[in-house]
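Here's a quick tour of a protein with a ligand in it. Have a look at the fold first, then at what surrounds the ligand.

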Amino acid sequence: MDSLHDRVAIVTGASRGIGRAVARRLAAAGAAVVTAAREQHAEAAAAEIRGAGGRAVAVSVDVTDPARIDAMVRTALDEFGRVDVLVNNAGIARDRLALRMTLADWEAVVTTNLTAAFTCARAVLRPMLKQRSGRIISVGSVVGQMGNAGQTNYAASKAGLVGFSKALAREVASRGITVNVVAPGMIETDMTAALGESAQSAMLTQIPLGRLGLADEVAAAVCFLASDESAYITGHVLAVNGGMYM
Ligand code: NAP
């Protein structure tokens, strides 16, 4: 598989879970990858890719800090000369019923999951517009489509990604840049492990395919939207949810 040969991708939240699987898959398809996470957390992901014969560099970035986002994009340009793909994957959850949710919990989730997607996209737009090509893919959630009690902040941030992506898709379509969302259901990662077994079992009853998804199954959808094969798809929400929401 060499469909992303000579392409350069930035993946936020690439230290573990879905982001790491995305970075691994993009690299296996031939892309050079900038793995981004806080502190030195994304070093191992980059080292793993290099160990497998791919090209990768890790950057330390908190996506809520716009100055670090500019530095992340500069790293991609300095190291690999271009930016073709941005995957907005970094995300957090701070679950609590709305009545008890603090403004700090609301703001942390919306800033990390939604505002950072805007600042990251804005930072890659200039090189992509110049190249007249690009792929911006944000990792949303089934929760942004169907809602979930205890997750008003998370649901709002993920639904916001859809509106943001559709609006941006219209702004940049004429320049060969597509903007899409991949909306996973329940995927086996640290984020779902944190829910505990009883919440996970309750969730399973709502999934027609009868199991949690794998990070690599989400990565496959992201990789497709990053490839030339998806050139005529923009403003789309691609669900990877085992039928949890149709
Ligand atoms: P995860 O295992 O908890 O990993 C989260 C990733 O985001 C980590 O790499 C983390 O990096 C990074 N991150 C968080 N805050 C950051 C910040 N301020 N700056 C930079 N990086 C930050 O989560 P996951 O399950 O793989 O989820 C990845 C994405 O998929 C998220 O957007 C999540 O909302 C979405 N999603 C997940 C599921 C699911 O079932 N797992 C379902 C639907 C959607 P650090 O190493 O720096 O912490």
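## A parallel pair to start from

Keep in mind that this is a predicted model. A handy place to begin is strand 2, residues 32–37, which pairs with strand 3 in the parallel sense over six bridges. Within that pairing, Ala 32 sits opposite Arg 55 of strand 3.

Helix 2, made of residues 43–51, packs on the sheet here and touches both strand 2 and strand 3. Its direction makes about 175° with that of strand 3.

Zoom out, and the pair belongs to an open sheet of seven strands, ordered 3-2-1-4-5-6-7 with parallel pairing. Strand 3 (55–60) and strand 7 (237–240) are the edge strands, each pairing on one side only. From one strand to the next, the twist averages 20°.

Another helix to look at is helix 9, residues 215–226. Helix 9 lies across strand 4 (85–88), strand 5 (134–139), strand 6 (177–184) and strand 7, and it runs at about 170° to strand 6.

## Around the ligand

Which residues come nearest to the ligand? Out of 30 around it, they are Ser 15, Arg 16, His 41, Tyr 154 and Thr 189.

Thr 189 also has a polar side-chain atom 2.5 Å from a ligand oxygen atom. On the backbone side, an N or O atom of Asn 89 lies 2.7 Å from an oxygen atom of the ligand, and one of Gly 185 lies 3.3 Å from a ligand oxygen atom. The ligand taken alone exposes 880 Å², and the protein buries 96% of that.

Notes: Residues numbered from 1 in each chain as written. Predicted model: local features only at pLDDT ≥ 70, side-chain atom pairs only at ≥ 80, totals over all residues. Heavy atoms only, no water. Pairing = 2+ DSSP bridges. Helix = DSSP H or I, 4+ residues; strand = E, 2+ residues; numbered from the N terminus. Axes fitted to C-alpha atoms, helices over the stretch in contact; angles between N-to-C directions. Contact = heavy atoms within 4.5 Å. Near = heavy atom within 4 Å. Polar contact = N/O pair within 3.5 Å; in protein donor to acceptor, adjacent residues only side chain to side chain. Areas by Shrake-Rupley, 256 points an atom, 1.4 Å probe, with all protein chains shown as cover.
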